Amino acid sequence: MKALLLRDLRLAVRAGGGFGLSLAFFLIVTVLVPFAVGPEADTLSRIGPGVLWVGALLATLLSLDRQFALDHEDGALPLIATSPLPLEAVALAKAVAHWLTTGLPLTLAAAPLGILLNLEGASFPWLVLTLALGTPALSVIGTFGAALTVGIKRGGLLLSLLVLPLYVPTLIFGAEAARRGAMGLEVATPLLMLAGITLGALALLPFAAGAVLRINLR
Amino acid sequence: MTLELGKYASEVLSAYGVSLALLVGLSGWSWRRYRRVKAEMERVERGRDG
Amino acid sequence: MSIWEYANPKKFIATTAPVIPWAFGGAILCIVVGLIWGFFLTPDADRFGSTVKIIYLHVPSAMIAINGWIMMLVASLIWLIRRHHVSALAAKAAAPVGMVMTLIALWTGAVWGQPMWGTWWAWDPRLTSFLILFLFYLGYVALWEAIPDPDQAADLTSVLCLVGSVFALLSRYAVYFWNQGLHQGATLSMDSEQHIADVFWVPLVVCIAGFILLFVALVLMRTGTEIRLRRLRALERQAQRAAA
Amino acid sequence: MSLRVEGLSVARGGVPVLDGLSFTVEPGQALVLRGPNGAGKTTLLRVLAGLAPPLAGRVEMPPESAAYASHADGIKATLSVRENLRFWADLYARPWAEGVLDDFDLRSLAHRPAGTLSAGQSRRLGLARLGVIGRPILLLDEPTVSLDAASVARFAGWLRERHLASGGLAVIATHVPLGLDAPEFDLSRFRADPMVAGQGSDAAFL
């Protein structure tokens with residue numbers, strides 16, 4: 001599993017690996033929001049956490065379908081499938097690789113981008129915490145979606161249609177926890193739910209993704 | 001038979017109108033599709049056995 | 001003869017073909033009677049004025065929307081475990097029906113709440129859950145259309161249905177949590193019947209029966225169509241192979 | 001370490017393709033699959049590799065012993081030749097042996113990104129993977145496509161001296177004579193009768 005993870009990380013950082021793309025997308029989306037809703041600081045700071053959460057979610061979605069599609073196109077997928085590594089572990093390795101190359105950088109980038117949206121000081125730690133807890137779920141759910149649509153031509157659009165509804169719980173609890181944290185309200189419930197969904201997804205979805213990969217390899 | 005619908009008459013009628021239109025549309029589409037495929041099936045079956 | 005006998009496509013069509021017209025007729029009868037009875041013969045509810053009459057469309061369609069998905073979930077499980085083609089095709093057939101029912105529930109719910117909320121759409125937790133359910137239906141149907149091979153499509157959509165169901169439940173609670181802070185939901189709880197005076201109750205039950213019959217009729221009809229389409233495809237491929 | 005197949009029937013897209021296949025390949029032996037395109041060579045190899053379930057019959061081989069190689073050989077363009085091979089060695093938990101670079105004449109290309117290789121060179125890299133992962137049972141689908149005569153001879157040599165000689169076995173679908181004294185297996189004799197529905201998933205509808 002480490003071999004596949006290291007290979008994917010190496011591929012991502014190599015030229016054309018798309019490492020910086022989701023970060024650039026996240027920056028652009030964040031910059032566009034004030035153009036749309038106007039520059040008033042208090043509006044921006046109020047909707048800031050939510051905007052950053054949606055931006056991170058869309059940036060994650062952007063880089064999902066390349067995961068399995070590349071291995072499918074160049075014939076690596078059947079070769080990996082016949083290796084000692086079970087497909088469930090392949091799915092988990094892909095999800096971890098995706099999180100390290102996309103989820104983690106987005107979480108770290110959210111703080112500086114928060115400044116663009118005039119976030120108050122109190123909301124920064126909560127924003128980063130909720131993103132840190134939520135982005136692994138986005139990665140593993142996205143990996144399941146990518147496995148589901150690996151064989152389909154132009155599967156990228158369908159992938160978004162299938163995965164976005166699955167993102168709703170994580171988005172609601174994540175953005176709500178970030179918003180309440182910023183306002184100093186009681187945060188325990190949304191935070192625990194967010195963490196619970198992420199852990200549940202990490203534990204169960206690789207098996208669903210593995211089963212779906214097996215079906216797509218037939 | 002009291003049919004006085006009060007000031008929300010247009011909303012109630014529009015709700016019924018759209019809903020019934022959707023139901024009739026769905027049923028009609030399914031029914032036409034059912035008949036078309038059934039006819040196609042019979043044509044192929046006759047072709048095969050004939 | 002065990003129930004699995006009906007899993008044989010030809011027998012399924014043979015046994016359901018005569019049932020469809022009766023179910024369809026019964027559905028139309030119940031819906032017409034229920035609506036007329038509810039529409040004309042019941043007084044307006046004090047707080048809602050005449051919009052309460054929408055209950056006769058909203059509650060049945062909402063129930064079918066949810067139970068339709070549950071039926072698809074069970075059919076997907078049957079397909080994954082026992083590999084019966086009929087159940088996979090029945091799930092495929094039921095999806096558009098469930099989707100339309102969700103659309104009706106959304107539309108009637110919005111119209112019903114409009115006088116009390118003052119806007120057409122107030123992100124009420126119940127209605128938002130149906131909006132999310134609609135997205136799940138959309139994704140499910142889109143996945144069926146995207147995959148040419150029927151078996152692969154059946155497998156993938158079944159897994160999507162399983163995973164989707166878990167997230168649909170999660171979304172339902174997330175939405176209830178997310179919206180409690182905004183404003184109190186409609187006083188008349190839309191889904192529970194005990195709040196309704198009995199004079200509304202009987203026509204509502206008739207409407208619900210009508211919608212259930214309609215759902216059954218439509219699903220049986222559409223499943224028959226899917227089976228025949230699948231048979232046409234199999235015959236055609238067999239002819240191709242024989243010619244090759 | 002032998003491969004035994006009994007009464008195997010395989011399908012492609014729900015339609016039975018081959019029926020009643022039975023053969024055994026002993027260690028040190030190779031088996032060449034013959035048959036027209038679409039006869040089911042690739043489908044059979046994928047079933048033997050465990051990528052797809054058979055309709056009927058049994059495939060007996062020790063677990064984790066098969067290696068599958070198809071036209072597309074899963075080479076990552078941005079990784080170098082050595083990195084590609086090291087990845088396969090790590091994935092299959094095999095010790096890395098430099099010697100494989102010489103077996104497939106890749107020593108001079110070791111540091112070049114795989115994307116810059118010619119068709120023949122990247123084909124040799126694909127085949128070198130088989131040397132790296134050390135699996136006793138090789139299931140090869142047209143391994144010598146886009147290879148020149150010298151490379152074909154080198155591959156046949158590697159197959160004979162290094163793989164078969166050390167107790168490995170191979171099932172190869174190819175039209176090119178590899179100079180192995182391997183028995184040939186004509187698949188067209190086992191073509192599934194289209195009119196007989198068999199167990200394919202279409203059977204339920206015919």
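**Salt bridges and surfaces in a predicted model**

Me: Is R123(D) buried or exposed?

Reply: R123(D) counts as buried, at 4% relative accessibility, where buried means under 20% relative accessible area, exposed over 50% and partly exposed in between, with a 1.4 Å probe and protein chains only. This is a predicted model, in which local features need pLDDT of at least 70 and side-chain atom pairs count only at pLDDT 80 or more, while totals for chains, interfaces and linings use all residues. Residues are numbered from 1 along each chain as its sequence is written, chains are lettered from A and ligands numbered from 1 in the order in which they are written, and side-chain values use heavy atoms, with hydrogens and water left out.

Me: What does the side chain of R123(D) meet in a salt bridge?

Reply: The side chain of D73(D), at 3.1 Å from N to O; a salt bridge is a side-chain nitrogen of Lys or Arg within 4 Å of a carboxyl oxygen of Asp or Glu. The pair links distant parts of the chain, 50 residues apart, with R123(D) in helix α4 (residues 119–133) of chain D and D73(D) in the loop between β5 (66–69) and α2 (81–91). Helices (H or I, at least four residues) and strands (E, at least two) are DSSP runs, numbered from the N terminus.

Me: And D73(D), buried or exposed?

Reply: D73(D) counts as buried too, at 16% relative accessibility.

Me: How many salt bridges are there over all chains?

Reply: The count comes to 31. One of them joins D71(A) and R7(A), whose closest N and O atoms are 3.0 Å apart; D71(A) is in helix α4 (residues 66–73) of chain A and R7(A) in helix α1 (residues 2–13), 64 residues apart. D71(A) is buried at 1% relative accessibility, and R7(A) is buried at 2%.

Me: Which residues are linked with those two in a network?

Reply: R7(A) and D71(A) are linked with D8(A), D74(A), K94(A) and K76(D) in a network of salt bridges.

Me: Switching to chains A and C, how many residues are in contact?

Reply: 24 residues of chain A are in contact with 24 residues of chain C, contact meaning heavy atoms within 4.5 Å. The count between these two chains is one salt bridge, formed by R218(A) and D155(C) with the closest N and O atoms 3.1 Å apart.

Me: Back inside chain A, what does S139(A) touch?

Reply: Not counting residues up to four places away in sequence, S139(A) touches T60(A), L64(A), A95(A), H98(A) and W99(A). S139(A) lies in helix α7 (residues 123–148) of chain A and is buried, with a relative accessible area of 1%.
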